[in-house]
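Hi,

Here is the structure I promised to pass on. Have a look at it first, and my notes follow below.

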Amino acid sequence: DGRRIVAASCPAGPAFEGGLVRYGMPGSEGAIEAVRHDAGGWIVRTIGDVEPEGICGSGLVDVLAELRRTGTMSRAGAFQGGTSEVAIVPDHGITFSRGDAAQLAQAKAANAVGMRVLLRTLGLAPGDLAALNLAGGFASHLDVPNAQRIGFLPPVPSARVVQHGNASVRGAAALLLSRRVRERLDAFVGRIEHVELEAETDFFDLFVDGL
């Protein structure tokens, strides 16, 4: 509303950047960036349209969403039939395990807690937001409905979600080129209220709920 600006840093770790996930990888050539499942099995799309080498963040979100949509994975992360992993691209040995799901659940929960606490600080519900702005390569390639389906993003109407791409590069260029922009930024930063998530008395309860 232009009056208050709040910010938080979520302890999400590297899972959605490919870390701690067996076949996870950054968003570079060969990374599976989009995944869906139909009657014929898993269908994947890679960056650069080359042979798959692993799964990057946007692909991992899709995997989780599709596992839940098809009932292959329970809310608690257990796979149908008691198996320990699912073959995503069998020809290349790329699988997704219960351990991978657990790492991603923790990263997702941390992000969910951050957004939930900030909204609570302002007395808002997700539906009250005029816009949900997403920046960075990972966020810009997310399938937003899938990200909302697994609780990674709040349930804001899709028409209000804006994916900005690599905003940090554009912002750095603007700061280098304009003294006026630097002055505006200095004034803006001075108004930000930092919310310490770990200081919230119910942080752990919210985190467990986010899992």
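Three strands form an open sheet in the order S3-S2-S4, with mixed pairing (two strands pair if DSSP finds at least two bridges between them; strands are DSSP runs of E with at least two residues, helices are runs of H or I with at least four, and both are numbered from the N terminus). S3 (41-46) and S4 (54-55) are the edge strands, each pairing on one side only.

This is a predicted model, where local features need pLDDT of at least 70, side-chain atom pairs count only at pLDDT 80 or more, and totals for chains, interfaces and linings use all residues. Residues are numbered from 1 along each chain as its sequence is written, and side-chain values use heavy atoms, with hydrogens and water left out.

On one side, S2 and S3 run antiparallel and are joined by 6 bridges. Ala34 stands opposite Arg45 in S3, and a hairpin of 2 residues leads from S2 to S3.

With S4, strand S2 (residues 31-38) runs parallel, through 2 bridges. Here Ala31 is opposite Gly54.

Finally, helix H1 (residues 57-69) lies across S2, S3 and S4, at about 15° to S2 (contact means heavy atoms within 4.5 Å; axes are lines fitted to C-alpha atoms, for helices over the stretch in contact, with angles from 0 to 180 degrees between N-to-C directions).

Best wishes
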